[in-house]
Amino acid sequence: MSNARRARAEQVETTRARILETAERLFAEHGVFTVSSRQISEAAGQGNNAAVGYHFGGKNELVRAIVRRHATPTERIRERLLAEHGGSDQLRDWVTCVVRPITDHLATLGNPSWYARFAAQLMTEPNLRQLAAAEVGAAPTLHAVLDGLHERLPHLTPEVWQERDDMAHTLIMHFCARRERAMPPGVDSRSVWAATATSLIDALEGLYGAPCQSI
């Protein structure tokens, strides 16, 4: 590759990264449907107001790219935790594998960050939730974690597993969004996310371990 082509490729990647970071922040602060592609392009410092369309094709593709950008490092953390706890018979260890990939990743983003608020918004709108699930749901380690977790829940039926998985995911993302929004400026986010992880693991261990009352 020539120097000119290499420089052009690097410029494109820098522009894409700037657009992704700007979109994530604006979506988190104002809502995915409220923010236009034109506003994102302008806030990202792009003279061409069609920059989002040029680089990503549209808002749905931009949302997918943001989810994918965070899904990869989250999956790496999940792989490490699964290697550590995969042989455990303790429910808490498997709940840890559900919670900490998210909170540990958030701890790497510094302060301020916007991803938890962005992700929580995706859960409230069916089309966006389905779009995000298609990206995150392909992670093989996530399925391994959930399978291991469910094996520690012989008192629950598969229907109840799925219901509690949904409860757990909702609690994790909305509680993390609340913590992210309330993060004081200048605070080391790592200690906040470590405490958040402990609180969520305590709560979800109780959620998954609770009996199911037949109706």
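Visitor: Where is the place of T141?

Guide: T141 sits in helix α8, residues 140-151. Helices here are DSSP runs of H or I with at least four residues, strands are runs of E with at least two, and both are numbered from the N terminus. This is a predicted model, in which local features need pLDDT of at least 70 and side-chain atom pairs count only at pLDDT 80 or more, while totals for chains, interfaces and linings use all residues. Residues are numbered from 1 along each chain as its sequence is written, and side-chain values use heavy atoms, with hydrogens and water left out.

Visitor: Why does T141 count as buried?

Guide: Buried means under 20% relative accessible area, exposed over 50%, and partly exposed in between, with a 1.4 Å probe and protein chains only. T141 has 9% relative accessibility, so T141 counts as buried.

Visitor: Which residues does T141 touch?

Guide: Leaving out residues up to four places away in sequence, T141 touches E75, R78, E79 and L82. Contact means heavy atoms within 4.5 Å.

Visitor: What makes R78 and E75 a salt bridge?

Guide: The term requires a side-chain nitrogen of Lys or Arg within 4 Å of a carboxyl oxygen of Asp or Glu. The closest N and O atoms of R78 and E75 are 2.6 Å apart, so the pair meets the rule. Both residues lie in helix α4 (residues 59-85), three residues apart, about one turn of the helix. R78 and E75 are both buried.

Visitor: Why is E151 called exposed?

Guide: E151 has a relative accessible area of 59%, so E151 falls in the exposed class. E151 forms a salt bridge with R152, with 3.2 Å between the closest N and O atoms.

Visitor: How many salt bridges does a search of the whole structure find?

Guide: The search finds 15.

Visitor: How is the chain divided into domains?

Guide: Domain 1 covers 1-57 and domain 2 covers 63-209; the bounds come from an automatic or database domain assignment. Their centres, taken over C-alpha atoms, are 27 Å apart. In contact are 12 residues of domain 1 and 13 residues of domain 2.

Visitor: What is the area buried between domain 1 and domain 2?

Guide: About 1100 Å², of which carbon and sulfur atoms give 71%. Buried area is the accessible area (1.4 Å probe) that two parts lose on being put together, summed over both. In domain 1, L20, E24 and A28 lose the most area to domain 2, together 46% of what that side buries.

Visitor: Why does E42 count as partly exposed?

Guide: E42 is at 43% relative accessibility, so E42 counts as partly exposed. E42 is found in helix α2, residues 37-43.
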